Amino acid sequence: MTILRSALYMPGINQKAMDKALTLDCDAVILDLEDAVSALKKDDARQLVKRQIENNDYGAKEVVVRVTDLNTKWGESDVAAVANVHIQAILVPKISEIRDINRMVELLDAYGSELPVWIMVETPLAIINVNELACQPRVSALVMGTSDLVSDLGAEHIEDRHNISYALQRSIMAARAFGKLILDGVHLDFRDLDSFHNICRLGRSMGFDGKTLIHPDQILVANQAFSPSEAELEKAKRLIDAWRSAQAQGSGVVELEGSLVESLHVEEAKRLLDFFPRPRTELINYPPDTGRFPRVLSPSFGNFLLNRWCIPLI
């Protein structure tokens with residue numbers, strides 16, 4: 001399974017933003033043809049995105065393109081533009097029923113494309129149908145669209161997210177049941193990194209693999225939150241050692257630091273070490289005088305990003 005702690009949306013109409021994404025430390029880049037592109041710029045954005053992918057190497061990053069809803073007049077043209085370029089997946093918004101997925105798969109098949117499909121879970125009907133959506137073989141990842149979901153519910157964005165916890169947990173369960181990746185939705189208040197850190201930690205504790213982002217400042221925080229600490233990795237190694245020692249002695253009971261160890265804990269520890277053989281290399285420390293995260297980028301550069309990159313607030 002791919003490590004996807006951080007997936008950054010980049011506007012498909014902005015060449016500078018897409019170029020900058022080549023140097024950023026996110027695990028995935030989502031080149032956006034949907035919300036980040038106005039109706040008048042759709043054709044231009046398709047050509048920009050296609051050339052960007054064909055002419056650049058994003059290295060280890062996953063490259064995904066979010067197309068426009070197929071129920072609009074732009075959706076099919078978006079798919080035609082990227083169906084056969086070198087990307088890892090196509091992200092489809094407004095997926096609510098199996099027929100929505102089938103329509104996308106049929107369209108990709110018509111272009112001879114075997115691209116995996118990422119689906120956005122962002123409507124009440126999608127939450128109701130999420131088990132059926134997640135089990136589709138072409139679907140490889142679920143992406144929460146919490147902004148649209150909150151809007152459709154007539155709810156509010158609150159930090160502890162208890163008002164959408166059912167939707168989040170139901171989606172995570174579906175993803176886990178069918179072996180799919182699942183990414184948490186975006187956090188709109190990108191300047192408040194403390195709040196963002198809390199949201200990421202909550203997302204990890206719920207079971208999300210990573211988080212979608214709208215601003216480069218959020219990358220480091222997300223990578224930290226969705227990576228194990230050195231202490232967690234060391235404990236995983238001790239757990240495996242204790243288990244092996246007990247097995248060698250013919251003991252069926254293993255206890256580590258006051259807790260009973262079962263085989264499922266060993267498998268979890270092995271998976272952790274397989275994916276993260278080293279602790280996270282980028283740490284964000286709280287300065288002792290403020291207890292707040294330092295900004296990764298300066299405020300002035302952050303304003304430049306907003307004004308010049310047109311980062312989509314999704």
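**A lysine and its surroundings**

Guide: In this predicted model, a polar atom of the side chain of Lys61 lies 2.9 Å from the backbone oxygen of Leu24. The backbone oxygen of Leu22 is also reached by the side chain of Lys61, at 3.1 Å. Lys61 itself belongs to the loop that runs between helix 2 (42–55) and strand 3 (62–66). Leaving aside residues up to four places away in sequence, Lys61 touches Ala21, Leu22, Thr23, Leu24, Cys26, Asp27, Val29 and Gln88, so that list, read with the contact cut-off of heavy atoms within 4.5 Å, includes both Leu22 and Leu24.

The charge of this side chain deserves a separate word. Lys61 is buried and yet has no salt bridge, the nearest side chain of opposite charge being that of Asp25, 6.5 Å away.

Side chains of opposite charge can pair when their charged atoms come close. Asp32 and Arg66 form one of these bridges, with their closest N and O atoms 2.8 Å apart. That pair links distant parts of the chain, since Asp32 is in strand 2 (residues 28–32) and Arg66 is in strand 3, 34 residues apart. Asp32 is buried, with a relative accessible area of 0%, and Arg66 is likewise buried, with a relative accessible area of 1%.

Arg66 also forms a salt bridge with Asp35, where the closest N and O atoms are 3.7 Å apart. Here too distant parts of the chain are linked, with Asp35 in the loop between strand 2 and helix 2 and Arg66 in strand 3, 31 residues apart. Asp35 counts as partly exposed, at 44% relative accessibility, whereas Arg66 is buried. Asp32, Glu34, Asp35 and Arg66 are linked in a network of salt bridges.

A further pair is made by Lys211 and Asp184, whose side chains meet in a salt bridge at 3.2 Å, N to O. Lys211 lies in strand 8 (residues 210–213) and Asp184 in strand 7 (residues 181–184), so the bridge ties together parts that are 27 residues apart in sequence.

Not counting residues up to four places away in sequence, Met104 touches Val67, Leu70, Val79, Val92 and Val117. Of these, Val92 is 12 residues from Met104 in sequence, and the two are 8.0 Å apart in space, C-alpha to C-alpha.

As for the chain as a whole, the protein has 13 helices and 10 strands, and 51% of its 314 residues count as buried. Among contacts with a separation of 6 or more, residues 24 or more positions apart account for 73%. The protein exposes about 14800 Å², of which carbon and sulfur atoms supply 50%.

Methods:
Residues numbered from 1 in each chain as written. Predicted model: local features only at pLDDT ≥ 70, side-chain atom pairs only at ≥ 80, totals over all residues. Heavy atoms only, no water. Helix = DSSP H or I, 4+ residues; strand = E, 2+ residues; numbered from the N terminus. Buried < 20%, exposed > 50% of the residue type's maximum accessible area, 1.4 Å probe, protein only. Areas by Shrake-Rupley, 256 points an atom, 1.4 Å probe, with all protein chains shown as cover. Lys, Arg positive; Asp, Glu negative; His and termini not counted. Salt bridge = Lys/Arg side-chain N within 4 Å of Asp/Glu carboxyl O. Polar contact = N/O pair within 3.5 Å; in protein donor to acceptor, adjacent residues only side chain to side chain.
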